Amino acid sequence: MMYHYTDFSAFDGIIRCGELRLNNILNMNDASEMRLFMNGICNAVLDKLKADNEIDKLHEAKDFFNGQMEQEFNYSAYAACFSIYRDDAAQWERYGHLGQGVCIAFREDLMQRMFGGVISFQEVYYQEDMRGHRLVNEFYRLIKMTENFSDCMPKMQELMNEAWVNSAAFKHPSFANEKEFRLVASPFISNEFAVEPKYHVSQERIKKYYPLDLNRMCGKLNMHLSDLVGEIIIGPTSSQSLPILQDYLEDCGLNVLKDKIFMSDCPLRKPTS
């Protein structure tokens with residue numbers, strides 16, 4: 001199972017509406033992680049060129065990378081986050097509305113079958129030093145082997161697109177204990193992404209997201225949304241009534257999930273005022 005910790009508002013969107021939102025990485029807490037990854041890749045390539053005294057290529061590569069980084073919003077990935085940990089205190093505190101929310105367990109095997117192409121299910125990797133990353137060596141070899149830098153621009157752009165995709169599933173090693181997976185959409189790598197973006201408007205700001213139609217995707221595999229959901233866990237500090245949640249599921253046409261609701265056993269304390 002893959003566990004998605006969230007609040008009850010998002011839970012309603014997933015269960016009643018069959019809509020899983022993929023949010024812009026730049027609007028999430030991990031925007032700095034994405035930039036850390038991209039800067040790390042670019043700087044590692046430049047360091048290798050500098051060590052070889054490839055001054056002209058160093059300057060051209062630096063200009064290319066700087067131009068790409070200035071366009072980061074155009075290369076934004078969108079993601080939904082999952083963990084392999086069931087009923088985990090850290091996950092409740094960080095992503096489950098301080099334990100007042102809910103956790104939905106999704107079957108990983110079905111998730112893998114549902115998505116592909118522009119949408120990928122990626123395991124988050126945790127690395128601080130980018131010098132050993134394969135993309136660094138691919139950028140470096142391409143630049144070194146090409147006589148004129150302009151000749152390698154198409155391939156450079158391909159590698160840069162790949163780097164942006166990879167950045168959506170990167171976090172600092174201090175988060176390694178989360179064992180996180182991400183469902184990532186990268187609309188910028190293809191013109192065939194059929195999902196139209198939507199916008200969430202709050203009192204503070206407007207956020208862009210991509211809604212995935214889980215009912216339609218399940219239907220393509222001749223299954224129901226209830227087949228995808230393994231269990232529902234009510235947060236350890238939640239005031240949610242179990243009978244009301246069961247009534248809610250019944251009214252949503254998801255009777256089969258009524259017996260898959262569990263109360264958290266996590267001894268997380270309610271926040272004090």
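Biologist: Which strand of the protein chain has the highest confidence?

Modeller: This is a predicted model, and the mean pLDDT of its protein chain is 89, with 96% of the residues at 70 or more. Confidence is lowest in strand β7 (residues 170–171), where the mean is 83. The highest value, 97, belongs to strand β4 (residues 102–106).

Biologist: How are α6 and α7 oriented to each other, roughly parallel or roughly antiparallel?

Modeller: Helix α6 (residues 134–145) packs with helix α7 (residues 153–167), their axes lying 11 Å apart at an angle of about 170°. Angles over 145 degrees count as roughly antiparallel. The arrangement of α6 and α7 is therefore roughly antiparallel.

Biologist: How many nonpolar residues does the contact of α6 with α7 have?

Modeller: From α6, the contact draws on R134, L135, E138, F139, L142 and I143. By class, one residue is polar, four are charged and the nonpolar ones number eight.

Biologist: Are the two faces of β1 buried or exposed?

Modeller: In a regular strand, side chains alternate between the two faces of the sheet. In β1, M2, H4 and T6 lie on one side, and Y3 and Y5 on the other. Five of the five residues in strand β1 (residues 2–6) fall under the 20% cut-off in relative accessible area.

Biologist: Which residue of β4 stands opposite H4?

Modeller: Strands β1 and β4 run antiparallel and are joined by five bridges. Opposite H4 in this pairing stands I104.

Conventions:
Residues are numbered from 1 along each chain as its sequence is written. This is a predicted model: local features need pLDDT of at least 70, side-chain atom pairs count only at pLDDT 80 or more; totals for chains, interfaces and linings use all residues. Side-chain values use heavy atoms; hydrogens and water are left out. pLDDT is the predictor's confidence in each residue, from 0 to 100. Helices (H or I, at least four residues) and strands (E, at least two) are DSSP runs, numbered from the N terminus. Axes are lines fitted to C-alpha atoms, for helices over the stretch in contact, and angles run from 0 to 180 degrees between N-to-C directions. Angles under 35 degrees count as roughly parallel, over 145 as roughly antiparallel, 65 to 115 as roughly perpendicular and the rest as oblique. Contact means heavy atoms within 4.5 Å. Ala, Val, Leu, Ile, Met, Phe, Trp, Tyr, Cys and Pro count as nonpolar, Asp, Glu, Lys and Arg as charged, and the others, Gly among them, as polar. Buried means under 20% relative accessible area, exposed over 50%, partly exposed in between (1.4 Å probe, protein chains only). Two strands pair if DSSP finds at least two bridges between them.
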